Amino acid sequence: MNELNGDISSEKVTNQEEAMEEDESRAECVFRYTVENISKLKDTALSPPCYVRNLPWKIMVMPRFNHADRHNTKSLGFFLQANADSDSASWSCNAVAELRILAQSPDGEPFVRKIQHLFYSKENDWGYSHFISWADLMDSEKGYVKDDSITLEVHVMAEAPHGVSWDSRKHTGYVGLKNQGATCYMNSLLQTLFFTNILRKTVYLMPTENDDLSKSVPLALQRVFYELQFSDKLVGTKKLTKSFGWETLDSFMQHDVQELCRVLLDNIEMKMKGTCVEGAIPKLFEGKMLSYIKCKHIDYMSSRTELFYDIQINIKGKKDIYESFKDYITVETLDGDNKYDAGEHGLQEAEKGVIFLSFPPVLHLQLMRFQYDPLTDANVKINDRFEFHSKLHLDPFLKKVNKDDPATYLLHAVLVHSGDNHGGHYVVFINPKGDGNWCKFDDDVVSRCTTKEAIDNNYGGYEDDATVKQCTNAYMLVYIRMTQFDHLLGQVTESDIPEALRQRLEDEKRLEAERRKERTEAHLYMIVQVLMEDEFCSHQGNDLFNSDKCHYRNFKVKKAATLLEFMEMLAENLKYPLEQLRPWPFGYRTNQTYRPTTLDLEADLNKTMQELADHENPWTVFVETVNPETELDSLPMFDKEGDVLLFFKLYDPKTASISYCGHAYMPITDKICDFLLPLLCERAGFPKGTKLLLYEEVKPNLVEETDESKYNLPIEKSLDELMDGDILIFQKSCPNLNSYALPTPKEYFRELFYSIDVTFCDKKVPNDLGFTLELSQHMDYDQVAKAVAAHLDTDPYLLQFFKSQGYREGPALPIRCTFQGTLRDLVTSLKPRQPRKIYYQQVNMRINELENKRQFRCVWLDSQFKEEELVLYPNSNGCMEDLLKEARKHITLDPAGSGKLRLLEIISNKIFAIQPDNVLLECITNSTGTKVYRIEEVPVDEVDIKEDEALVPVAHFQKEIFSTFGTPFMIKMKQGEPFAQVKERIQHKLDIPEKDFEKFKFALVTMGKHTYLPEDSDFTVDLAEFRPRPLQGSGMQTNPWLGLDHVNKAPKRSRYSYLEKAIKIHN
């Protein structure tokens, strides 16, 4: 057999069931086991193994006693055992089986019981502890026993196993897709699109040579299709989901396969615009339908043509797919109260419906298995039986039939969902070549299957059949138009893939194979980080370099390689002869400084790198090279006993900066004045004999000055604990040093010791990366504000700062401008080794003024009942009057209005209170949850309220008074006035048409109970019922309100559960 296009090409197979080889990978098998001396059976007996789906299956039988029965009845236990000897804990295999005890006589009937089970390591056998009573088994009339032996038979049908070595390519010619956590829905769709061969060809032709590797959806889809076609191993989808812009969590959230199909095809269609394959998606998936309304008694019809990429068909109460299509085009009569408004013709009886104008080459049918249930306020899954057919004739549903291109379709794929509304599992059954040879694609496992498994078993409605999985049924169907069969499912060969794309994908595979090899061999290698001397030149801190900012030259070296081999690698790479190189490994001293140390090149040349590095990985090494200006043939000899390696830094107090001045080998017996001081003057470019001050950099915040009296002593006596890698700092001696802010290296390194990097993030910008400043921990608030303001080019008093939350991202409480502490106090509570963060926001008011005010969030309701959010800053010690004065600066009042404002406290869409003007702001809590404050202009007719009048709160509800919604308001009522007048004012205020307002019902609501008001025209207002009344003994009072009971026409909340998000492809 030759592998091509992801298929196995062989002689034509007319029947797949016959094509399934009778080998160990077969899907089903019947096997028997004869138990001798059954009357004497005491222990468990096991049959020899029979292999199905490459797993060993055995019959297990034993005598059992029912201890719950006082007679201790004996029976026969009969089980099917799978893969019991495996040590693996990850395997699983779903199977159905018939367990039979055969009758020994020719005309006898077997005793049969059925099982269906997911076999896995902890439940590797399944059956019946009491399969048949011992008395019935031994009953001679039943004929199960002959010569004291019985024959047991099992007919097992198993799905392809997971977690074991199952070669999908070998058994089917195809490979599966890895599940990232909950991406089975996506895997099913990808396989479906892959086997729509014309789509695969089209995707290959999309130009992606200039696309971003990580963000290009077309390139990622090309990669998945290419690997599905040519790989022998299962294919990953992480690069595809990454190209979608999905985070890791998105891969663990199950979504709707129908929704993904639409979103993905829309994305691909958009990316095809302006390319050689523009319009390919509509050509494949787009159909047309005509929506119309036709008047019965006049010659008038309104219609529009609509495009569709899929058809959602109702299955509830429908026998099969034809009934659903008939229901789809059923004509609805518009009459009675539901007459059609035909414009100048007025209300007319009419017929409303749709008729199909054309069906696409590839027809996606979405079965509406999930429907909204108003009783549970959730989607529920409909598992009813719904039949679909391998061939579909849709001409009867077309407005005009094309005899040359009949709408006859062949079933190509069945996407199946197992589970309920809260989750489950998707698989897809595909008929790849359209020849009836079906395969099941279950994530990583692909297996051949029968037509019955692919179609009949997925109708649904098998609740009473133990051999069929429950709640498992078809969810989406893909049909291929027969007249375009060869075009749509034509073979995809290598010649259909652009050479540049094929080469790019092959190069990717090769690089990934190399990376995998590197990862598997990583334990054999170590990284040597090489530093050249130029990395020390710009360093302004402690030691010789900053590990976060320097540029290492990394060498991957075998741990078993010798130092000599490493040196030869260095010489070749750096283009220096061996004798012009000398390595100085960095090591930590006891005082936590990181300095070069010496190697004994003669003794260490043949030692391994791992031994020399003392298992440190990566290992940092300073490589000394000959200075090209010296024209030396080799580095000078270094006497390990008599010389010391010293590094030099020049400090300039004018600029408070450090300049690196190289290194030198110095004999430890030489005097500072004779050798070192002349060398330092030369390195710094000072005149010979310039007076210098000398310091030793001991450790962070510890710099020791060398007394001038020791300049005449050998260096081993003038410097304490002399070691290779010591750093000496020098500066010019001058009389006015104290005039500088940091006169000597002592002060410079002390200041450096207390410097920290602080990142400032804009509070108003989500996930702002911010900017980083190096600041002293001793800075006060003003100094920090000035530094940040200088960076932002703004006034420091127009900035407000916030501490970072302790153990999560985001700003905490604001920092007052009167803060008395230092910068250190603001950043010490953060997690260790995390970036130090402070949040800021630019404000329009000086911060010292802002801090004396209080932020108050509320909404402004204008005369048109439109709401607008307001953020006000009244004085924190003010009263309600101050708040309303502040609000006037931000709102526009109605010229014909009263000009007076009020603040309402609203809870759950009901008015709870009107706040008096003299109430202190400190007594008002902030808006939280269902509570909100609303500012509005008092209507002219509500400014003066007389003794026989009252303002009554009004709220909307639907059936239940707890289901309040919409915008509540106040209405003025007068004692004894007809309630019909109140209704007129409400209708006018809400601007509701008479036809809709007639459906409103009015209720008096008190203490959580409502009483509908009479609809009599002579009903009058009794204000006593609407006024607050104290409750005896509770110190509380009732707050009656007028309820408007009517349908909430506002859009309902999403029916998605809170864990679900709409699918989005971000790139």
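Me: Which residue in strand 47 does Val859 stand opposite?
Reply: Val859 stands opposite Arg934. The model is predicted: local features need pLDDT of at least 70, side-chain atom pairs count only at pLDDT 80 or more, and totals for chains, interfaces and linings use all residues. Residues are numbered from 1 along each chain as its sequence is written, and side-chain values use heavy atoms, without hydrogens and water.

Me: What makes strand 43 and strand 47 a pair?
Reply: Pairing takes at least two DSSP bridges; strand 43 (residues 856-861) and strand 47 (residues 931-937) have three, in the parallel sense, so they pair.

Me: Why are strand 44 and strand 46 said to stand at the edges?
Reply: The open sheet of five strands runs 44-43-47-45-46, with mixed pairing. Strand 44 (867-872) and strand 46 (910-915) each have a single partner strand, so one side of each is left without a neighbour in the sheet.

Me: Why do the buried residues of helix 19 line one face?
Reply: Pro745, Tyr748 and Phe749 are buried in helix 19 (residues 745-753). Seen down the helix axis, the buried residues fall within an arc of 90 degrees, so they line one face. Their cover includes strand 33 (643-652) and strand 34 (657-667).

Notes. Buried < 20%, exposed > 50% of the residue type's maximum accessible area, 1.4 Å probe, protein only. Helix = DSSP H or I, 4+ residues; strand = E, 2+ residues; numbered from the N terminus. Arc of directions from axis to C-beta. Contact = heavy atoms within 4.5 Å.
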